[in-house]
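Look at the sequence and the fold together, and keep both in view while reading.

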Amino acid sequence: FSISTYNKMWTDAQKDLDIQLRREREEFLQPEKDRVKVFKMLAASYIKYMQIFRNLETAHDQLVHWQKRTVIRQVLDGVIGRILEIKKEMVELENSEFHYIDNILEDLKLLPEDIEVPVPRYFIKEKLEVLQQREKILDQVLFNAGLQTQKCVKAMAFEEAIKMIQVAERARQGRHRAAFMKQIYLEEKRERQTKLQVQMGPNPDDAATCIQKVWRGYIQRKKTDKMREEEMIFLGMSLPPHLKAMSISQMHTGQMNALQGEVQERHKEVFIKDKLRETEGLDIKETLQDQIGQCFIECRHIIGKFPDYPTEEAGGSMAILSQKTPEQVAAELAAKKDISLQKKSQKKKKEKEGKEKMKGKKPQKTGKKEEEEGWKMAPSNFLSIMEEGNSQYKAAWQNRDKGCDFLQDHDPELIKEEKREEVEEEIRVQVDELMQQKLENLKLAVDGEKSDKQKKGRKSEKSSSARGASPLPYLVMSLAHRTIDSLYRQLVEEGLLIKAKTVNLSDYVGEYSYLGTTLRQVDIEPMPCLADVRQLIALYGILPLGSQTVHEKAPLVKALLLAGPTGVGKKMLVHAICTETGANLFNLSASNIAGKYPGKNGLQMMLHMVLKVAKQLQPSVVWIGDTEKIFSKAVPKAEEEMNPKRLEKILPKFLKALKAQDRVLLVGTTNRPFDANLKPFCKVYQKIILIPRPDYASRFGKYFNQVLWKHIILQNGGAITNLLNISCLAKVSDGFTQGHIIQAVQAVLSELRLLQMTRKPLRTAEFMTSLARQDPVYREEEEIFK
């Protein structure tokens, strides 16, 4: 049963998380000088959190119980954020974005697939309707603006056009004549066979054999279907016939419940909260009034006067109803009045003491530096989130009977516990207003005291009006009255907001490198593999953009640079980030913005529009292709009209305007990063990812994995046979990129070649010939990238 399976998966993940949190408290708090040991600790924690992440993500996606999903979601965000924090520590420790932990995986008996970063499916599922609606609007705007992709029509001479028409017409006549001659041949053959049958006469044995074949086949098929149905019923994989009608109705009901799930959840919560307010509201109100009134009487009996009512900032009646004696409550309330005076006096004393110490002491110069304490883990923003989620799981779900809830919809008792606190808080605010007035009346009636309220409203109003708001820039004021829809449409019509291609991160195929640790042991820095690139794109691009909590609290990455030779899939990865997170894609490449919004004011307006729409409709990706042209040392004469350096000075200001709460990522792609002026270039791009050409493992693959050659041939309609030596192709294509391999495969697998494949299988030499016409990535270029 699937529910029990995913419940067990969740339970196992929570147990592993509990052990990992305990381990972090013990190990990471102690300083450590051995950097190798530190890296092993971090890598082991990274792998463990990645396993927990995978299990929690699967359980969250498959479980139906929405209260369980809420608890899992909180822990899931915490685990994702903790993975990003550990990754940051590993990068700072090794001064490299790429890490090689194949030896640790071997010790833990794990496969590289076990640390592949999964993309949480709730990134898209939670906002599927919004994304579909946005896609419809984008298609409509593109269609109205006439920006849909159109095929280019080449100009043709009159003689060439006549020749093409003649060739097509002759081919059509040839096909028509061939079909006509075939029909005549078949008719003559049928007539000859009829004449022979008339001469020989019908054979009864042949007729009887034909009837027997048909009948026996029909009976056997019925028997086989019946036996299969009985076996499925026996195994419990199918329902008996008398229950099938009911199961169909249940399936229909389940589908309706899934569609109305979110609305029902809100109604359940509101309904339970209203019911609690009706049934328990009066009792809670009376109990609070009695407790506060009793506290007033006890305070006056001990102290001799009524206490001051606590303000809202101090907690209101919560401060009175704490587990303390009346004497302690009265003393605390009295002490709060003198806090400001004490703070002022302490500040003055500290200032005097500091001045006296500075006069008496002289700065001492020491020739020896203090010894380093060793590496220590930085404080985490996500440990508290994980611990809170872990404690919620232990308190509510660890010992709860899971078998009794067949529907797996909700647990009303848990909702009551949550909503009871909200109801009490709402009623307490109302009671505070009543009891404060009652306390003033008691003071006036019994002690003859008046309330000590001070009128501060006018002063604050005057000060706020006197300050005034700073005047907005002219460009911001000009766009202030514009709606987001109008700005969105304008950016689409100008070609700055484009439609992302539907490409998943898993489509970027590439194998894991198994020689990283071995090469480093002999002081050779290995080239990163495509699996490492895929992992970094998920960690720095997809995970922060998909979750608001993770983006706000995790190490902030505002800009990402993808650098590599032509054809390694840089643009594909940009589109994959947008597809996996549902992000908008803005194209600010120099070639795309050439001639649009001219002048300094026009450029500021363009970036302000992009920033406003990107923030409002987040997540968003701002892509700059050939980004080295913006920071180039000298602009070529052919590109002077394009003015590629327009964004050089304003781009840092654009990044400065992005805050932690804004899920906007700047992604640059370049195939010549060495042409840029490196100082401003590296200031803008916080993270630089080198995408190398594919190695042998990625080109060939292992076992049954379809990596590059196999994947691309099958994707283009080809078939793998014994005559096609994939290993040979993988060796010969050393130095070529994915783009080169795709071009070679597409050149070979034309429509005519695909039709001939049944009688003429694919051969290795066909792809070699096509591949030899292209220029590979030479070692000199690869060294420059390094």
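The protein chain has 33 helices and 6 strands. The model is a predicted one, and every value given here is computed from it. Of the 786 residues in the protein chain, 38% are buried. The chain exposes about 49900 Å², and carbon and sulfur atoms supply 54% of that area. Contacts say something about how the chain folds back on itself. Among contacts between residues at least 6 apart in sequence, 82% join residues at least 24 apart.

Start with helix H1, which covers residues 2-27 and contains Gln14. Is Gln14 buried or exposed? Its relative accessibility is 2%, and because buried means under 20%, Gln14 counts as buried. Apart from residues up to four places away in sequence, Gln14 touches Leu56, Val75, Asn390 and Tyr393.

Helix H1 also holds Arg22 and Asp18, which are 4 residues apart, about one turn of the helix. An α-helix has 3.6 residues a turn, so residues three or four places apart point the same way. The side chains of Arg22 and Asp18 meet in a salt bridge, with 3.2 Å from N to O. Which of the two partners is buried, and which is partly exposed? Asp18 is buried, with a relative accessible area of 16%, whereas Arg22, at 41%, counts as partly exposed.

Next comes helix H18, residues 484-493, and the loop that leads from H18 to strand E1. In H18, the residues Ile484, Leu487, Tyr488, Leu491 and Val492 are buried. Why do these buried residues line one face of the helix? Seen down the axis of H18, they fall within an arc of 135 degrees, so they lie along one face. Just after H18, Gly495 takes a positive phi of about 80 degrees.

Leu496 is in the loop between H18 and E1. With a relative accessibility of 0%, Leu496 counts as buried. What does Leu496 touch, leaving aside its neighbours within four places in sequence? Its contacts include Leu491, Leu585, Phe586, Asn587, Lys596 and Met606.

Some of the contacts of Leu496, among them Leu585, Phe586 and Asn587, belong to strand E3, which spans residues 584-587. In a regular strand the side chains alternate between the two faces of the sheet. Both faces of E3 are covered: Asn584 and Phe586 are buried on one side, and Leu585 and Asn587 are buried on the other.

Strand E3 also has strand partners. E1 (residues 497-498) and E3 run antiparallel and are joined by 2 bridges. In one of the pairings, Leu497 has Phe586 in E3 as its bridge partner. E3 and strand E4 (residues 620-625) run parallel, and 4 bridges join them. Here the bridge partner of Asn584 is Ser620 in E4.

Now return to charged side chains. Side chains of opposite charge can pair when their charged atoms come close. How many salt bridges does a search of the whole structure find? The search finds 25. One of them joins Asp675 and Arg672, whose closest N and O atoms are 2.6 Å apart. Asp675 is partly exposed at 31% relative accessible area, and Arg672 is partly exposed at 40%.

Another salt bridge joins Arg693 and Glu782, with 3.0 Å between the closest N and O atoms. This pair links distant parts of the chain, 89 residues apart: Arg693 is in the loop between strand E6 (687-690) and helix H27 (696-700), and Glu782 is in helix H33 (residues 779-785). Glu782 counts as buried, at 14% relative accessibility. Elsewhere, salt bridges that share partners join Glu57, Asp61, Arg121 and Lys125 into one network.

Phe234, Leu235 and Met237 make a nonpolar surface patch of about 410 Å². Met237 is in the loop between helix H8 (204-235) and helix H9 (241-259). Met237 has a relative accessible area of 61%, and because exposed means over 50%, Met237 is exposed.

Technical notes:
Residues are numbered from 1 along each chain as its sequence is written. This is a predicted model: local features need pLDDT of at least 70, side-chain atom pairs count only at pLDDT 80 or more; totals for chains, interfaces and linings use all residues. Side-chain values use heavy atoms; hydrogens and water are left out. Patches are made of residues with over 30% relative accessible area and no salt bridge: like charges are joined within 9 Å, nonpolar side chains (Val, Leu, Ile, Met, Phe, Trp, Tyr) within 5 Å. Accessible areas come from the Shrake-Rupley method with a 1.4 Å probe; for residues, only the protein chains shown count as cover. A salt bridge is a side-chain nitrogen of Lys or Arg within 4 Å of a carboxyl oxygen of Asp or Glu. Buried means under 20% relative accessible area, exposed over 50%, partly exposed in between (1.4 Å probe, protein chains only). Contact means heavy atoms within 4.5 Å. Two strands pair if DSSP finds at least two bridges between them. The arc is that of the directions from the helix axis to the C-beta atoms.
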